[in-house]
Structure formats: C-alpha cells, structure tokens
Amino acid sequence: MCLILGSCANAQYELNTPPNYDDLIGKKFSQSILKGRQVYAVVRETSTLEEFENRRSDGCILVFGVRKSDDVIEYWRVDSGTGTCFTRERALNR
C-alpha cells in the first residue's frame, strides 16, 4: 500500500517589509522594472520628467520619476496609505 500526502500553504506571501527602491535610482527604468511600461501608466509629465504609476489591487500606489532624455530613474515614492506596498519576503510553504 502506498499513500502520498502533500500540503501547501494557501497564502500567497508573507507581508513583512515596507518597500525601498533606493537602489534603482540612477538606473534605467525600462531595464530595472519588470514589465515597467506594461504595468505603469504616465500620470504626470514635465519637459524633462515622466512620472509612472502602478496601482495594485492591494491598495499600493508606487510612483517612479523618470528622466525623458535617458530613461533613468530620478526618484520613487509611495502615494498610498500606511500599510500598503509591502514586499514579498518568502512563500509560506518554503
């Protein structure tokens, strides 16, 4: 007789750490942000900068300021309420 048992955690991820994207400042947006221009919308534009915004279903609103001339990230910010925009630390079943 052979019996195989398996289990998986149902939660998608553990919410622990607020985001910090300081390491992306000075890097190219299109190379640093996975699917950047596909999931981010331009919300503000000046003669030198574009602000790209991503509104996630968890309430997170993440904004990147990108120079038009060379696609380099100048700044980032979170425009959503306290407690949103947490990052994935690890899967619960790993």
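The structure holds 6 aromatic pairs (Phe, Tyr or six-membered Trp rings with centres within 6.5 Å; planes under 30 degrees apart are stacked, over 60 edge-to-face, the rest tilted). The model is predicted: local features need pLDDT of at least 70, side-chain atom pairs count only at pLDDT 80 or more, and totals for chains, interfaces and linings use all residues. Residues are numbered from 1 along each chain as its sequence is written, and side-chain values use heavy atoms, with hydrogens and water left out.

One of the pairs joins Tyr 21 and Phe 64 edge-to-face, at 5.7 Å centre to centre and 65° between the planes. Tyr 21 lies in the loop between β1 (15-17) and α1 (29-32), Phe 64 in strand β4 (residues 61-67), so the pair ties together parts 43 residues apart in sequence. Tyr 21 also pairs edge-to-face with Trp 76, at 5.4 Å and 90°. Trp 76 sits in strand β5, so this pair ties together parts 55 residues apart in sequence. Phe 64 is buried, at 0% relative accessibility. Trp 76 is likewise buried, at 19% (buried is under 20% relative accessible area, exposed over 50%, partly exposed in between; 1.4 Å probe, protein chains only). Tyr 21, Phe 29, Tyr 40, Phe 52, Phe 64 and Trp 76 form one aromatic cluster.

Tyr 75 lies in strand β5 (residues 73-78). Tyr 75 counts as partly exposed because its relative accessibility is 22%. Beyond four places in sequence, its contacts (heavy atoms within 4.5 Å) include Ile 25, Arg 44, Leu 49 and Phe 64. Tyr 75 and Asp 22 are 53 residues apart in sequence and 7.9 Å apart in space, C-alpha to C-alpha.

Note on methods: Helix = DSSP H or I, 4+ residues; strand = E, 2+ residues; numbered from the N terminus.
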